[in-house]
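I have kept to what can be computed from the coordinates, and each point takes up one topic.

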Amino acid sequence: MPKDGIGASPKRREDVRFLTGKGRYTDDINLNGQLYVHFLRADVAHATINSIDTSAAEGMPGVAHVFTSKDFEAVGGLPCGWQVTDKHGQPMQEPKHPIIAEGKIRHVGEIVAAVVADTLGNARDAAEAIELDLTELPAVIDMKKAVQDGATKVHDDLTSNLCYDWGFVEENKAAVDEAFEKASHVTTLELVNNRLVANPMEPRVAVGDYAQHDDSSTLYTTSQNPHVIRLLMGAFVLGIPEHKLRVVAPDVGGGFGTKIFHYAEEAFCTFAAKQLRRPVKWTSSRSEAFMSDAHGRDHVSKIQIALDADNNFTALRTETYANMGAYLSTFAPSVPTWLHGTLMAGNYRTPLIYVNVKAVFTNTVPVDAYRGAGRPEATYQLERCVDKCARELGVDPAELRRQNFIKPDQFPYATPVAVEYDTGNYHATLDKALELADVAGFDARAAESKARGKLRGLGISNYIEACGIAPSNLVGQLGARAGLYESATVRVNATGGIVVMTGSHSHGQGHETTFPQVIADMIGIDASQVEIVHGDTANTPMGMGTYGSRSLAVGGSAMFRATEKIINKAKKIAAHLLEASETDIELKDGQFSVSGTDKSVAWGDVTLAAYVPHNYPLDSIEPGLEETAFYDPANFTYPSGTYICEVEVDEGTGKVDVLNFTAADDFGNVVNPMIVEGQVHGGVGQGIGQAMLENCAYDEDGQLLSASYMDYAMPRASDIPMITVDHSCQTPCTHNPLGVKGCGEAGAIGSPPALVNAVLDALNRNGHAVDHIDMPLSPSRVWSAMNS
Amino acid sequence: MYNFEFVKPSSVDEAVAALRDEDAQPLSGGQTLIPTMKQRLNQPSKLVSLTGIADLVGVSSSGGVLSVGGATPHATVAAEAGDYPALAALAGQIGDPAVRNRGTIGGSLANNDPAACYPSAALASGATIVTNAREIAADDYFQGMFTTALDEGEIITGVKFPIPQAANYQKFEQPASRFALTGVFVAKYADGVRVAVTGASNDGVFRWTEAEEALSANFSPNAISGLTVASDDMISDLHGSAAYRANLVKVLTGRAVAACA
């Protein structure tokens with residue numbers, strides 16, 4: 001047996017460098033002659049720029065140049081990677097997204113000018129000498145007001161603030177409405193999915209460099225997908241062909257979605273380095289991160305479920321306002337539509353579904369994918385509404401769910417919202433979670449809490465997600481302007497060690513540990529024989545990067561396919577060395593043997609023969625042992641699960657303590673159980689953050705109220721309870737070679753409704769008839785709900 | 001941060017002299033001043049550090065009075081103010097370990113942040129704020145949000161706390177900053193009970209005199225059950241409405257009294 005194959009839990013090898021301070025992050029990169037940029041950012045949300053006078057700033061000590069939008073006249077805007085078609089068949093409204101504000105400021109934090117100087121201090125000093133003449137305009141903040149007739153427009157050249165009005169599936173709308181008319185019960189819920197700031201521990205950084213001798217540019221950046229940045233920035237913004245542009249994303253300290261996107265600062269540093277013939281560096285401060293990293297969520301929704309007299313779900317409809325912010329970030333239009341509407345069936349057999357989404361421009365930071373991206377918004381609506389429905393009907397919320405689940409023998413299951421779930425067993429995860437959470441013992445625990453003066457509640461949620469993003473031909477039909485395959489080159493060295501160059505990017509996921517486990521298992525060698533290289537377009541094949549819980553399902557599958565090619569070729573070499581037929585060669589535990597004989601040759605002898613081909617079938621196969629595969633999945637993967645948590649509410653203050661949390665997930669096959677458990681812990685932690693603490697808030701003038709950690713509450717260790725994680729319910733994915741589904745986003749998707757359901761259960765059990773509280777469930781909001 | 005001069009005198013007199021320069025500011029633990037300077041919101045020409053003055057650091061107890069040097073860090077008060085346990089407990093709940101090992105009592109009282117913890121202890125204890133020039137009763141010292149009786153260049157050299165028969169501080173944390181969203185300090189003395197509230201009012205720390213009267217007559221949580229707290233002057237922000245803070249004042253006062261038992 002190989003050491004650390006599939007199913008083992010070796011410790012994360014990358015942690016040795018992270019924990020000893022040897023990681024190499026973008027901010028650790030300092031180039032000879034480097035200059036520093038300080039961005040002058042808007043401190044008002046909406047204004048006309050009458051003039052910018054940079055003359056005083058230009059003369060300040062150390063200043064190389066002060067850039068304004070004039071410097072970028074020959075440069076494209078930041079592209080949007082997804083075009084959504086509205087319910088009338090028309091393309092979405094797509095405004096220009098300039099690198100530096102052109103004529104108008106559209107959100108607090110937008111870049112108005114940029115000072116490049118020899119030190120950051122000199123750049124900041126000079127920025128204070130820039131004179132701006134602005135005419136302030138009313139800020140567009142409230143989405144529903146933004147789409148009313150006569151509303152102030154964020155973009156004067158668009159017809160309104162409505163980016164698109166999307167209906168899904170539009171042809172089903174009449175049938176859905178008819179089902180509601182016939183329903184014996186309808187549950188309605190209006191809710192807000194609160195705006196979040198991703199807050200990775202490492203803020204964004206960009207270093208641009210230019211080599212005059214070969215007219216090539218290099219960008220070092222904090223990205224989840226360096227090839228995507230190279231493609232978008234090279235082809236659409238700066239006009240640099242890919243062979244003249246290298247993008248490096250070295251160690252990256254957390255992404256959570258917000259480091260997927262192509263940002264103005266990246267294009268700026270690359271452009272300015274070429275203009276000034278010197279490297280240009282930008283390191284975001286935490287304050288800048290709050291007002292320039294793409295935010296997440298921010299949906300206002302109304303959901304309705306129709307039931308027949310036997311409590312079967314007969315139809316579902318939703319109406320959502322989705323905040324786009326001031327500009328379309330890279331994948332923003334896809335999040336409330338194809339990553340949200342397609343998941344509205346959840347785990348249920350609801351036969352008729354209609355989803356309407358109005359995407360709205362406002363004078364706020366652009367909103368885009370954040371851990372889960374669209375799927376948490378779908379799950380939250382559905383699982384909150386099902387819970388409310390159970391309370392209205394006086395039935396057990398777990399049993400109402402079970403009754404309406406897609407049954408284990410119904411897979412593959414085509415939902416009315418365009419996707420086909422390949423496998424799943426929702427009854428199994430529900431049963432497992434009910435058992436692990438000791439739901440049977442809840443009443444005794446609630447009585448014990450009450451004796452201490454606390455209100456105890458229990459909340460359940462189920463989730464389904466579409467991961468392993470995504471089949472290229474499908475997403476192309478849906479408006480994606482990119483393919484979503486993944487790539488791997490497997491290079492076997494002469495002495496048998498292996499280097500994998502992957503298009504996936506690891507920024508916390510642990511690929512350097514898990515990917516070798518797969519190859520170790522396939523060949524039968526120790527995982528320590530395999531090294532993973534990622535994050536540099538100069539030495540990895542074109543890949544689409546890491547998001548949507550796709551790395552193992554898509555990137556791992558590419559690596560699997562490349563390794564299969566390696567094994568096939570190695571068998572040919574072994575057959576030659578063993579003077580046997582290729583079809584008789586078996587590979588096990590790193591030994592090629594001739595079946596039914598004791599003849600064998602070791603992995604290392606075969607790899608050596610490939611590079612020292614003295615005794616080698618050169619007439620039929622090439623020397624060397626290196627293969628590349630591109631893998632494009634046939635379908636999404638559909639991880640699912642059941643989450644249960646218990647909370648205690650302090651009636652006097654409204655403070656909620658999360659007491660325990662149980663996660664029963666079906667991730668299909670699991671490569672490294674320890675890392676999977678850690679992913680669930682992290683996701684649930686972020687879910688607790690969203691449900692209990694985090695709130696990105698603007699005032700009516702468009703000022704960011706939660707602009708620092710003084711007002712934006714991140715979850716701390718003491719906010720997170722012990723989490724029981726189980727992934728023994730496994731229905732392997734049917735269409736990727738590893739049978740894996742992905743686990744990165746599940747925790748953040750499934751946990752918020754479980755937490756909110758638990759708090760409402762605590763209140764309603766104890767005489768407070770409260771239907772809903774919007775997240776975050778801060779003490780103030782919970783107290784107000786109990787006392788209104 | 002803009003450039004500034006930095007001096008670290010070893011006596012109060014030298015510090016007072018150094019502070020006579022225009023735009024000079026005293027620097028104690030720097031937990032508020034340094035972040036505002038980093039954001040370029042504050043531009044002192046000179047910082048006069050008070051942490052090198054040995055006389056300003058330390059905790060001592062004598063004759064029923066606990067004395068704390070103005071530049072004593074919170075962590076030291078938490079560890080050494082055993083004669084006044086409620087005060088030690090309050091100090092041990094401020095910020096995080098890094099804050100507690102840098103931030104000082106004098107800095108906190110001089111800044112008088114409306115959500116800081118120490119002002120409630122000083123006011124509820126009827127403490128005396130000692131400066132290089134005079135002694136100021138706590139009742140005269142706090143003059144509203146970020147406003148105190150200190151004159152320009154005046155340095156807090158120490159604080160004298162009469163040690164109560166019983167006392168307790170109930171801090172309800174603002175979820176993000178973990179400053180007091182509302183904090184109530186109750187101190188019971190032979191001549192009566194004092195109740196001071198931080199975090200709640202637009203006027204900064206204040207005494208809840210109705211509760212003091214009720215508790216002086218009957219030191220039990222029930223004594224205040226019939227009282228109401230007006231929300232008119234309470235802070236309303238992202239983290240809690242005025243009505244919510246008014247509720248917290250009453251709930252926390254009751255819990256502080258209960259904890260004194």
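What share of the 261 residues in chain B is buried?

1. The model under review is a predicted one, and the answer to the opening question is that buried residues make up 54% of the 261 residues in chain B. In chain A, buried residues make up 62% of the 788 residues.

2. As regards overall dimensions, a compact globule of 261 residues would have a radius of gyration near 18 Å, and because chain B has 18 Å, the value agrees with that expectation. For chain A, with 788 residues, the corresponding expectation is near 28 Å, and the 27 Å found for the chain agrees with it. Taken along the principal axes, the C-alpha atoms of chain B fill a box of roughly 55 × 45 × 30 Å, while the C-alpha trace of chain A spans about 85 × 75 × 55 Å along its own principal axes.

3. The secondary structure of chain A comes to 19 helices and 28 strands, and that of chain B to 10 helices and 12 strands. Among contacts between residues at least 6 apart in sequence, 80% of those in chain A join residues at least 24 apart; for chain B, counted between residues at least 6 apart, 58% join residues at least 24 apart.

4. Chain A is divided into domain 1 (14-22 + 485-631), domain 2 (31-136 + 209-254 + 259-280) and domain 3 (373-467 + 635-786).

5. Chain B is divided into domain 1 (5-47), domain 2 (57-162) and domain 3 (166-260). The C-alpha centres of domain 2 of chain B and domain 3 of chain B lie 19 Å apart, and 25 residues of domain 2 of chain B are in contact with 21 residues of domain 3 of chain B.

6. Is K70(A) buried or exposed? K70(A) has a relative accessible area of 64%, which is over the 50% cut-off, and therefore counts as exposed. K70(A) is placed in the loop between β3 (63-67) and β4 (104-105) of chain A, and its C-alpha atom is separated by 10.0 Å from that of A113(A), 43 residues apart along the chain.

7. M234(B) is also placed in a loop, here between α9 (209-217) and α10 (242-260) of chain B; its relative accessibility is 8%, so M234(B) counts as buried, the cut-off being under 20%. Leaving aside neighbours within four places in sequence, M234(B) is in contact with residues including A200(B), S201(B), N202(B), F206(B) and V229(B), as well as A242(B), R245(B), A246(B) and V249(B). One of these, S201(B), is 33 residues apart from M234(B) along the chain, yet their C-alpha atoms are separated by 4.3 Å.

Key:
Residues are numbered from 1 along each chain as its sequence is written. Chains are lettered from A and ligands numbered from 1 in the order in which they are written. This is a predicted model: local features need pLDDT of at least 70, side-chain atom pairs count only at pLDDT 80 or more; totals for chains, interfaces and linings use all residues. Side-chain values use heavy atoms; hydrogens and water are left out. Helices (H or I, at least four residues) and strands (E, at least two) are DSSP runs, numbered from the N terminus. The radius of gyration is taken over C-alpha atoms; the globule rule is 2.2 Å times the number of residues to the power 0.38. Buried means under 20% relative accessible area, exposed over 50%, partly exposed in between (1.4 Å probe, protein chains only). Contact means heavy atoms within 4.5 Å. Domain bounds come from an automatic or database domain assignment.
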